[in-house]
Amino acid sequence: MPQKTDPTGLDAYKPAEVALRIEEAGVKKAALPLLPLLTLAFLAGAFIALGAAAFTAVMAGTPAGFGPARLLGGLIFSTGLILVVVAGAELFTGNALIVMAWVDRRIGTSALLRNWGLAFAGNLAGSLIIAALMWASGLFAGGAGETARAIAEAKIGLGPVEAFTRGILCNILVCLAVWLSFAARSVTDKVLAVVFPITAFVLLGYEHSVANMYLIPAGWAAGAPVTLAGFLGNLVPVALGNIVGGAGGVALTYWLAYRPRG
């Protein structure tokens, strides 16, 4: 019997199927034991940090504003989420989508917050390790170091409202990239699903909390006048914005479209 094909010609899961797949994934993520969750979160932080380090290298010697260099930087930064999605890791920002399982009462609030808290901690540890290794490598000398300092200073110079709002906008695109990757059936599809939304958020100057876990400490290691208060003054509002953008802007919106019962 001939196999049925999608009349649209798209070899991808339909949006309603994606919603179900993401909800099922959320249940599994919330149930991960401590050691695997922390290990995978550590890897996610390291992967995003490597993408951020590559972004810094691309931007070295170029103006920090918008333009073709930033577009190229966004393309190379997407390496981090490609590694998370394809190799497998637990990323705090992407895990905002677990809210779909929470709204359907398939996981409890404590399980949701446990995943977010441990993922955030593991991401921070992975990011800081990569920043320390980059500093020890001597690669912060010259133009790369100047760019790392400039990036960190720009981030800690943001006001809380700016940081929060840019965090919302950022994680809408990050969670849409993850959403699209769940529609994909091949590794190539997953890579293409990730590249364009992530490139867009970098090009537009949005704020990603896990990337900032690397970029701000890296700038400090390169000589930027970053204090703990300045670091947290960026990280906290950006992380809260990321939750709002991912959980509200993507997860709850698609739940309303595809998953309400009754």
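This is a predicted model: local features need pLDDT of at least 70, side-chain atom pairs count only at pLDDT 80 or more; totals for chains, interfaces and linings use all residues.

Residues are numbered from 1 along each chain as its sequence is written, and side-chain values use heavy atoms, with hydrogens and water left out.

Rings of Phe, Tyr and Trp (its six-membered ring) pair if their centres lie within 6.5 Å; planes under 30 degrees apart are stacked, over 60 edge-to-face, and the rest tilted. That rule gives four aromatic pairs.

Select Phe77 and Phe201: the ring centres are 5.6 Å apart and the planes at 90°, so call this one edge-to-face. Phe77 belongs to helix H3 (residues 68-77) and Phe201 to helix H9 (residues 187-204), so the pair ties together parts 124 residues apart in sequence. Helices here are DSSP runs (H or I, at least four residues), numbered from the N terminus. Both Phe77 and Phe201 are buried (under 20% relative accessible area; exposed is over 50%, partly exposed in between, with a 1.4 Å probe and protein chains only).

Next, Phe92 and Phe120: with centres 5.1 Å apart and planes at 85°, this pair is also edge-to-face. Phe92 is buried at 5% relative accessibility, while Phe120 is partly exposed at 23%.

Now pick Trp179, Tyr254 and Tyr258, which form one aromatic cluster.

Last stop, Tyr13. Which charged end sits over its ring, 4.1 Å from the centre? That of Arg185. Arg21 also lies over the face of Tyr13, 4.2 Å from the ring centre. The cut-off: NZ of Lys or CZ of Arg within 6 Å of the ring centre and within 35 degrees of the ring normal.

Definitions and conventions:
Helices (H or I, at least four residues) and strands (E, at least two) are DSSP runs, numbered from the N terminus.
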